[in-house]
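Please open the structure in a viewer and keep the selection panel at hand.

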Amino acid sequence: MDEKRGSFTGKIGFVLAAAGSAVGLGNIWRFPYLAAKYGGGIFLLVYLVLAVTFGFALMCGEIALGRKTGLSAIGAFRKLDRRFTFVGYLASAVPMIILPYYAVIGGWVTKYLAIFCLGEGTAAASDTYFTHFISKPVEPLFWFLLFIGATALIVLFGVEKGVEKVSKVMMPVLVVLTVIIAVYVALMPGALEGIVYYIKPDFSKFSAVTVLAAMGQLFYSMSLAMGIMITYGSYMKKDVNLESSVKQIEIFDTGIAFLAGLMIIPAVFVFSGGDETALGQGRSLMFVTLPKVFESMKGGAAVGALFFLLVLFAALTSSISLMETIVSILKDKLSWSRKKTCLIVLVGVALLGLPSSLGFGALNGVKIFGLPFLDFFDFISNSVLMPVVAFLTCIFIGYIIKPESLIAEVEGVAPFKRKKLFCAVTRYIAPVCIVLILISSVLDVLGVFQI
Ligand code: TRP
């Protein structure tokens, strides 16, 4: 792959490709439920602060690492310091953990698209529909296999370009539709309270767990701490302004997440008065809330179908990019053919995703550390592995290769405006904060110390 490494054409091409991979279920499904659960405005504030500090520094650092070395994660770390090759491996493990459960949720989205296409949206608007669906013994498995099968076919036949072209049209439509739904919800009685909850920070709800949740979400949503941005950087041309590209990707990604929250959280207040259980329901929030919104709308069935179709595309482009990453890592390491690697990855992901998919139905009651499989994989990648990789990456940049070596890479075309911020975050702020947050959350999970 390396010998014919192509480049993105110009800055727009780079920003669109990186944002296309970054925008997905993380923005639309995960961000709103975390914001709802962790206190609304305070979560949003912590997230924004982390985005302009940690997110900014790490994304600049990863893209610069990739562009400097022209290699993906494992190769990039190895080239600069052999002792840190393991960080490349750790980072590469993240997509392998994420993809199986990502595809389970992709399957849920596909099911909801089918419901709205078949005109059964009314049934989905009931409180128990979603729980009933995921606790069925086999049905979720069918949708999961359909979603991952479609992803594998696209990767196997190398038609990603086609899908990407379609998704470039879909994404702006998704943004416009989200704005329309958000405005529609805002005009419903009771929505104002929800908007205030989402926007106004309540500092009494601040805790280390909020910061950890926001940090994990930031990495997940911006595809950081998993080697992806290093790979993207390796395809970035030297004459593209790295710093402003990072700024644009961040604005894009955060903007979409913010809009998704603005569409879902006030709706929770409209339909359930914003009580704690409704706000804290986690992974089911989008699937339970939005059908109620569509149900109350004239022509809601069509809007619902269009919405889930657009979300499905966003999910599909992300899952394609995740699978593509895994396939290319294994293909390069083991020198298997592309076809063989695709098939093996498909089987591996299907097997790994199986417990996540069945975890609320046939395997209900089987828990790891008290969590259903899906939540366990989500926890391991977002709250453990990604912060660890981010920490090691900061140590690597801050003390081994030194920030100056990457500043030179960023400064190719224009001065690095926020280089002081970049140095301070990678050397001091991020490593210290990540360690503190990790320790306190591990203690919290173990129940040793109540925060
Ligand atoms: N950032 C994606 C989202 O918000 C999810 C994701 C995580 C991803 N890792 C990735 C996408 C790797 C593409 C490649 O949904």
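Select the ligand: the space that it takes is the largest cavity. A cavity here is a set of points on a 1 Å grid over the protein atoms alone where a 1.4 Å probe fits but cannot get out.

Next, display the shell around the ligand. The elements giving two or more residues to this shell are α1 (10-22), α2 (25-37), α11 (208-221) and α16 (300-334); helices are DSSP runs (H or I, at least four residues), numbered from the N terminus. The model is predicted, so that local features need pLDDT of at least 70 and side-chain atom pairs count only at pLDDT 80 or more, whereas totals for chains, interfaces and linings use all residues. Residues are numbered from 1 along each chain as its sequence is written, and side-chain values use heavy atoms, with hydrogens and water left out.

By class, the shell holds seven nonpolar, eight polar and no charged residues, with Gly counted as polar and Tyr as nonpolar.

A polar backbone atom of Tyr220 is 2.8 Å from a ligand nitrogen. For Ser223, a polar side-chain atom lies 3.1 Å from a nitrogen atom of the ligand. The protein buries 100% of the 360 Å² that the ligand exposes when taken alone (Shrake-Rupley method, 1.4 Å probe).

Finally, select Arg30 and Asp378. Their closest N and O atoms are 2.7 Å apart, in a salt bridge (a side-chain nitrogen of Lys or Arg within 4 Å of a carboxyl oxygen of Asp or Glu). Because Arg30 lies in helix α2 and Asp378 in helix α18 (residues 373-400), the pair ties together parts 348 residues apart in sequence.

Notes: A polar contact is a pair of N or O atoms within 3.5 Å; within protein, one must be able to donate a hydrogen and the other to accept it, and residues adjacent in sequence count only if both atoms are side-chain atoms. On a 1 Å grid over the protein atoms alone, a cavity is a set of points where a 1.4 Å probe fits but cannot get out, and a pocket is an open set with protein on both sides within 12 Å along at least five of seven lines; lining residues have an atom within 4 Å of a point. A molecule sits in a cavity or pocket if more than half of its atoms lie within 2 Å of its grid points.
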